[in-house]
Amino acid sequence: MTQPFRGTYDQLPELAARQQYIVDAARVQASLYGYDLVSTPIFEYADVFCRSLGESSDIVSKEMFVFDDRHGDKLVLRPEGTAGIMRAILSNKLTSQLPEKYFYAGPMFRYERPQKGRFRQFHQIGVEFIGESMPGSDVEVISVAWDLFERLGLTQKVELQINSLGDSESRQAYRDVLVTYFSDLKDQLSEDSKLRLEKNPLRILDSKDPGDRVLIESAPNLKDYLNDISQEFLGSVLEGLGILKIPYVLNPHLVRGLDYYCHTAFEFVTDCLGSHSAVLAGGRYDSLAQLMGHKEPIPSIGWASGIERLNLLMDQEISSIRPISIIPIGPTAETQVLVIAQWLRREGLKVILSHHGNLKSHMKYANRINAAKAILLGDTELENHTAIVKCLDRGTQQEVGLSQLVQYLKASS
Ligand code: ATP
Ligand code: MG
């Protein structure tokens, strides 16, 4: 009981600050494009995910945390954000006011084998552009992602890979040749991929099994089976990326693990996290709404990114405001510092009261919390309406009148 559950971890202050920095950067970046923050429940009816992601997807078939509640309802801790957001669009009857542009951030849950950058409770940020079919919206969401990597100083560490899954006609044509290709090699496929061959052959291309990967290298390319509409769509997306100078490589074998994708599929991958690994992934999901029972498609595109992986990529320090430590010396000062601390906080200063101990232990505490300054208040200072301000970096100190204190602290911070 003294350890957290396998694949989960605590975010102590330093890590929490880094991860929150990423969330804040993403929220600000997305808002510049008009994507507003939304939040949906952390658990949903199991159907929200089972029906939409596809029974044979890795997530539904083996990674979901499923449980029955006291009334026997089957619930799931959300493994991803998109299905819940589409559910919210339908539940809140927002289909007549589309398009909507949303940003979200929060925990996701997958029953996976934990390893570097892979957890059972992890955290995603993501954007969804719902109700827009034009390729310009694909370019836009990719551009939000690119700007975020720029903001985090990560553009040199990631590569944008892009592919088109085409429309359903193109995918059907491709599926047929893929089945022929892999059926001849069935004996050499992993057990998982043998099943995929029957249920959803495109998903073999997403396999991480090294044996499968060798066979995938020589598999037919989806690109060669795209019909005119699909080719034109891809062409427009690539043209948009070119205009915005967002570098990309075409990866003809890139497919997404879920059933609902069409046309654009993309990933930002990195080789800085050990094995070739995706930090951000997305795609167009025009048929998701129908899978959830809506009568027509709602053309949409979005992406999600794992905060833990972004954090592993970022090597810069996150600067935080250093506090000011207030140290009372003597019983009168102990009550007076409460009022002074409150006053300074109302002036917008970050002030931490030191509650306990002698001067030495107060100073030790001030150093531990990385205070920039310490304010010492004793009987003499209180009588004179002054305070001693110590600069902890330089080791200097100065007596400052209380009426000048705020100005002095702000000027020298
Ligand atoms: P992977 O191929 O690594 O399993 P995925 O295809 O399952 O990823 P998505 O469902 O596309 O991932 O999720 C988008 C992003 O969320 C990933 O690119 C990754 O950054 C992050 N992510 C996914 N699963 C995990 C996990 N278990 N732990 C940490 N981050 C994750
Ligand atoms: Mg996965």
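The model is predicted, and local features need pLDDT of at least 70, side-chain atom pairs count only at pLDDT 80 or more, and totals for chains, interfaces and linings use all residues. Residues are numbered from 1 along each chain as its sequence is written, chains are lettered from A and ligands numbered from 1 in the order in which they are written, and side-chain values use heavy atoms, with hydrogens and water left out.

Backbone atoms also approach ligand 1. A polar backbone atom of V279 lies 3.1 Å from an oxygen atom of the ligand, and for a polar backbone atom of A278 the corresponding distance is 3.3 Å. Taken alone, ligand 1 exposes 590 Å², of which the protein buries 90%; accessible areas come from the Shrake-Rupley method with a 1.4 Å probe, and for residues only the protein chains shown count as cover. Two or more residues of the shell come from each of β6 (121-130), β10 (277-284) and β11 (300-306), where helices (H or I, at least four residues) and strands (E, at least two) are DSSP runs numbered from the N terminus. The most, four residues, is given by β10. There are 16 residues around the ligand, and R110, E112, R118, K208 and R256 come nearest; a residue is near a molecule or strand if one of its heavy atoms lies within 4 Å of it. The shell has six charged, three polar and seven nonpolar residues. In this division Ala, Val, Leu, Ile, Met, Phe, Trp, Tyr, Cys and Pro count as nonpolar, Asp, Glu, Lys and Arg as charged, and the others, Gly among them, as polar.

Strand β4 (residues 74-77) runs antiparallel to β2 (residues 43-45), to which three bridges join it; two strands pair if DSSP finds at least two bridges between them. Y45 has L75 of β4 as its bridge partner. Strand β4 also pairs with β3 (residues 65-68), in the antiparallel sense and over four bridges, and here K74 is the bridge partner of D68. The hairpin of β3 and β4 has five residues between the strands, and G72 in this hairpin takes a positive phi near 85°.

Grid points are joined across faces, edges and corners, and a volume is the space filled by probe spheres set on the points. The second largest pocket has a volume of about 440 Å³. It is lined by 14 residues, with E14, A17, I318, S320 and N370 closest to its centre. Helix α1 (residues 13-32) supplies the largest share of this lining, three residues. Five charged, three polar and six nonpolar residues make up the lining.

One cavity of 30 Å³ or more is counted. The largest cavity holds about 70 Å³ of space and is lined by V38, S39, T40, R78, G81, I85, Y104, A105 and M108. Strand β5 (residues 100-109) gives the largest share of its lining, three residues.

Two backbone features remain. L98 and P99 are joined by a cis peptide bond with omega about 5°, and P99 lies in the loop between α4 (82-91) and β5. H263, in strand β9 (residues 262-270), has a positive phi of about 50° although it is not a glycine.

Definitions and conventions: A polar contact is a pair of N or O atoms within 3.5 Å; within protein, one must be able to donate a hydrogen and the other to accept it, and residues adjacent in sequence count only if both atoms are side-chain atoms. On a 1 Å grid over the protein atoms alone, a cavity is a set of points where a 1.4 Å probe fits but cannot get out, and a pocket is an open set with protein on both sides within 12 Å along at least five of seven lines; lining residues have an atom within 4 Å of a point.
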